[in-house]
Amino acid sequence: MGINAHINLDLGIASAEVVGADGIGELKSDFMRVNSILRALVDVIQRGINKISPAFKLADRVLLDGDELWFAFELEKARDAAWIVAQDVAVLPEAQRPKYIARLDAAVAARGRRIANPGPWLCLPLKVVGLLESDNVAKNLRKLRKLIG
């Protein structure tokens, strides 16, 4: 849910506020280049998740590259939407920004509620995943630290 809020709300607004209307065009290539960097990190992140989640490890093996392709597609789609927000906010007069941001915030919050409550068809599998994972945060962090040295 944090990624949802960051990409779909904060990223575009912060980008626009940092560079303003005059610099928004120059930011685009750097903004989009981050997609490639994030895609390159997917396997590293996935190895970490697999260390602490047997269910995700199994899913990763079964899905082969399907989960990576899905993630890349969803990430690119979300960041493209964030770029549109950045462009919109950059050119909006200051007085109109709060209303635009409030509408965007409501839409992102609705998406967050759907993520938090995906419905009964996904809740049961997620509960099973949770039962297979350790809830010992310190132990999980130690496993993850071994990956990054």
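Predicted model: local features only at pLDDT ≥ 70, side-chain atom pairs only at ≥ 80, totals over all residues.

Q: Are Phe31 and Trp83 buried or exposed?
A: Both Phe31 and Trp83 are buried. That label means a relative accessible area under 20%, while exposed means over 50% and partly exposed lies in between (1.4 Å probe, protein chains only).

Q: How many aromatic pairs are counted, and what makes two rings a pair?
A: Rings of Phe, Tyr and Trp (its six-membered ring) pair if their centres lie within 6.5 Å; planes under 30 degrees apart are stacked, over 60 edge-to-face, and the rest tilted. By this rule there is one aromatic pair. It is made by Phe31 and Trp83, with 5.0 Å centre to centre and 50° between the planes.

Q: Why does the pair of Phe31 and Trp83 tie together parts that are apart in sequence?
A: Phe31 belongs to helix H1 (residues 2–52) and Trp83 to helix H3 (residues 66–91), so the pair ties together parts 52 residues apart in sequence. Helices here are DSSP runs of H or I with at least four residues, numbered from the N terminus.

Q: How do you know that the charged end of Arg79 sits over the ring of Phe31?
A: The charged end of Arg79 is 4.5 Å from the centre of the Phe31 ring. The rule asks for NZ of Lys or CZ of Arg within 6 Å of the ring centre and within 35 degrees of the ring normal, and Arg79 is listed as sitting over the ring.

Q: Why is the meeting of Arg39 and Glu76 called a salt bridge?
A: A salt bridge needs a side-chain nitrogen of Lys or Arg within 4 Å of a carboxyl oxygen of Asp or Glu. Arg39 and Glu76 meet at 3.2 Å, N to O, so they qualify. The pair links helix H1 to helix H3, 37 residues apart. Arg39, at 33% relative accessibility, counts as partly exposed, and so does Glu76 at 36%. Four salt bridges are found in the whole structure.

Q: What separates Lys77 and Glu74 in helix H3?
A: They are three residues apart, which means about one helical turn. Their side chains form a salt bridge at 3.4 Å, N to O.

Q: Which side chain does Asn4 join by a polar contact?
A: Asn4 joins Asn8 at 2.8 Å. A polar contact is a pair of N or O atoms within 3.5 Å; within protein, one must be able to donate a hydrogen and the other to accept it, and residues adjacent in sequence count only if both atoms are side-chain atoms. Asn4 lies in helix H1 and is buried at 8%.

How values were computed. Residues numbered from 1 in each chain as written. Heavy atoms only, no water. Helix = DSSP H or I, 4+ residues; strand = E, 2+ residues; numbered from the N terminus.
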